[in-house]
Amino acid sequence: MQTYAIIKGNLVENIIEYDAQPTTPPPGFDDGYIAVQSDRVSPGWLYENDAFIDTTPPVEPMVMPKMPTLAEQILSNPDELAKLKQALGL
């Protein structure tokens, strides 16, 4: 079996596996649909000039800010450090 993109206009609307190249229109679809063999395609992609175009926006990496350590947090505030020492009986 091979994977076929079901296309109407230039939009991939579905992905279906067939044993052989389906007719145009593919079985179960109205006029205006075509089936193009492709192993790497997803619904929502475009089909232009005999090529598939991935319309999914690239994923931007999430950058986490550097978090201060507990020691850095305690030492950054002398008043809180004094309160902590008092609470601990130091």
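I looked up the secondary structure first. The model is a predicted one. I found two helices and five strands in the protein chain. I then read their order from the N terminus: β-β-β-β-β-α-α.

Next I checked the overall form. The C-alpha trace spans about 85 × 25 × 20 Å along its principal axes. The radius of gyration of the protein chain is 29 Å, whereas a compact globule of 90 residues would have one near 12 Å.

I turned to burial and surface. Of the 90 residues in the protein chain, 18% are buried. The chain exposes about 7100 Å². Carbon and sulfur atoms supply 56% of that area.

I also looked up contacts along the sequence.

Then I located the charges. The protein chain has 5 positive and 13 negative charges. Their mean positions lie 23 Å apart.

Which strand holds threonine 3? I found threonine 3 in strand S1, which covers residues 2–8. Is threonine 3 buried or exposed? Threonine 3 counts as buried because its relative accessible area is 18%, and the cut-off for buried is under 20%. I listed its contacts too, leaving out residues up to four places away in sequence.

Terms used:
Residues numbered from 1 in each chain as written. Predicted model: local features only at pLDDT ≥ 70, side-chain atom pairs only at ≥ 80, totals over all residues. Heavy atoms only, no water. Helix = DSSP H or I, 4+ residues; strand = E, 2+ residues; numbered from the N terminus. Rg over C-alpha atoms; globule rule 2.2 N^0.38 Å. Buried < 20%, exposed > 50% of the residue type's maximum accessible area, 1.4 Å probe, protein only. Areas by Shrake-Rupley, 256 points an atom, 1.4 Å probe, with all protein chains shown as cover. Lys, Arg positive; Asp, Glu negative; His and termini not counted. Charge placed at Lys NZ, Arg CZ, Asp CG, Glu CD. Contact = heavy atoms within 4.5 Å.
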